[in-house]
Amino acid sequence: MEFLKTKGEVKAEIVVNGAKKLEEYGFDGKDGEVLVLPEKKRIYVGIDEINSENLKIATSSIIKALKKYKFESVEITPPNTKDKDLLLSFFEGFILGDYEFDKYKSQKAKHPIKKIAINSKRDFEEIINEAKIRTSAINFVRDIVNSMPDEITPAKLASIAEEVAKENNIECKIYDENYLYDNGYHAFYSVAKASANPPRLIHLTYKPKNAKRKIVLVGKGLTYDSGGLSLKPSDFMVTMKSDKSGAVTVLGIIKAISELDLDIEVHAILGAAENMIGGNAYKPDDVLKAKNGKTIEVRNTDAEGRLVLADCLCYAQENIKDFDYIMDFATLTGACVVGLGEYTAGIMGFNKNTIEKAIKVGERRGEHFAYLPFNKYLPKLLKSNVADICNIASSRYGGALTAGLFLSEFIEKENKEKWTHFDIAGPAYVEKEWGYNPYGASGFGVDTLITFINSL
Ligand code: BES
Ligand code: ZN
Ligand code: ZN
């Protein structure tokens, strides 16, 4: 895709809240309407108000119309605003809407380079450059998450991380199953132990000179979640290649941050494992000791993400000193999807300022986050009769909260206020197109976190 200052083959216009009506074509300029007039070389898209989400949707539907009618270029005037978020979203939508995953199709989609002719005297070079970095990270996440589990094993994810590190100014350390076992990361180790594809703990560091702040990002990287011996029913197992989304998201974020040259130190810890069955599988009734010494009664091997994350959080707190924030990203619970729907991520933690800020930044970037508050009655639900804590709650209700609370047990006292948990089980992977997102992986969270980190 190229953004140029020339004329285009067709002209596109974003119509806000019915400001323009084309009655002869039944176009009212309402939200979500798209009108293409191929003979007149015109495209109109309606939105109800100007915000980031709507602009991304509008420009993504323009690019889709362009593809459908085989136009090669489109001329459009960017919104008349100085708001960086709105402008970024305007440009991002074209690239995000152009995404197609056809890796496994024998008939590949044709991708002629599309030209976006920017009809304005203003200089958008910097914004366009940033939009390209952001969307290339988002599409990178989409590609890896969409790739099949037999291809993206923990070792493969580690080699992808190494490549990202090599191409950017990032350091990358990779630890294998022996390291995990020998160093007492037995919760993580146990989840992975029945798999023919051994686990990896991946630690990437982006360390600019004179960094203003230090942030640690931790991601759940289940390259496949069969449920383990507490096996998932067939219908629920499909799409579980997406259980690596949290890890891939943090990889995408650190990639973009380094390409943008931000002066914030970023660590990305990816817990990559496969949750499988076998004679060697960890079992309901096993008691596992995590790195911080806490013992965990396993009552359901499908609640595996929290076990992997528990040890990754321990690793981060032991090995990274004086960080300002520690945030984890995980497709952690079906309960979060039941509660909030597929388009919203849950946020949990003890620092309301951080949570409120993340929600606000999400709005600015067109992504939805909702605060799920802990309360004093919940901890009791994780009590175990045989170990320090149980890996599932005794209640059927509030599964997203009890999972988040489980993680908090592996956050040291002095870090409690620095920790935020993002359950992205809903929006990370949706089996239908939504807004500017395609079927499958969305790359959700990358855009918001880049802005969040940039604002520290
Ligand atoms: N990976 C799943 C959560 C999930 C479900 C993600 C649906 C995306 C879509 C997780 O490991 C899991 O299986 N969680 C269980 C927890 C339960 C056993 C307490 C769940 O949500 O059912
Ligand atoms: Zn599971
Ligand atoms: Zn899982």
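A pocket, as used here, is an open set of grid points where a 1.4 Å probe fits, with protein on both sides within 12 Å along at least five of seven lines. The grid covers the protein atoms alone. A molecule sits in a pocket if more than half of its atoms lie within 2 Å of the pocket's grid points. This is a predicted model. In it, the space taken by ligand 1 is the largest pocket.

Which residues are closest to ligand 1? They are Lys 232, Asp 243, Asp 302, Glu 304 and Gly 334. They belong to a shell of 15 residues around the ligand. By class, that shell divides into 7 charged, 4 polar and 4 nonpolar residues.

Now look at single contacts. The side chain of Asp 243 places an N or O atom 2.8 Å from a nitrogen atom of ligand 1. The side chain of Asp 225 has an N or O atom 3.0 Å from a ligand oxygen. Thr 331 takes part through its backbone: an N or O atom there lies 3.4 Å from a nitrogen of ligand 1. How much of ligand 1 does the protein bury? Taken alone, the ligand exposes 510 Å², and 74% of that is buried by the protein.

Next, the strands. Strand β3 spans residues 34–37 and β4 spans residues 42–47. They run antiparallel, joined by 4 bridges. Val 34 stands opposite Val 45 in β4. The hairpin has 4 residues between its strands, and Lys 41 takes a positive phi near 55°.

Another group is an open sheet of 3 strands, in the order β11-β12-β16, with mixed pairing. Why does one side of β11 and of β16 lack a neighbour in the sheet? β11 (287–289) and β16 (389–390) stand at the edges, so each has a single partner strand. β11 runs antiparallel to β12 (residues 295–297), with 3 bridges between them. In that pair, Val 287 stands opposite Glu 297 of β12.

Notes:
Residues are numbered from 1 along each chain as its sequence is written. Chains are lettered from A and ligands numbered from 1 in the order in which they are written. This is a predicted model: local features need pLDDT of at least 70, side-chain atom pairs count only at pLDDT 80 or more; totals for chains, interfaces and linings use all residues. Side-chain values use heavy atoms; hydrogens and water are left out. A residue is near a molecule or strand if one of its heavy atoms lies within 4 Å of it. A polar contact is a pair of N or O atoms within 3.5 Å; within protein, one must be able to donate a hydrogen and the other to accept it, and residues adjacent in sequence count only if both atoms are side-chain atoms. Accessible areas come from the Shrake-Rupley method with a 1.4 Å probe; for residues, only the protein chains shown count as cover. On a 1 Å grid over the protein atoms alone, a cavity is a set of points where a 1.4 Å probe fits but cannot get out, and a pocket is an open set with protein on both sides within 12 Å along at least five of seven lines; lining residues have an atom within 4 Å of a point. Ala, Val, Leu, Ile, Met, Phe, Trp, Tyr, Cys and Pro count as nonpolar, Asp, Glu, Lys and Arg as charged, and the others, Gly among them, as polar. Two strands pair if DSSP finds at least two bridges between them. Helices (H or I, at least four residues) and strands (E, at least two) are DSSP runs, numbered from the N terminus.
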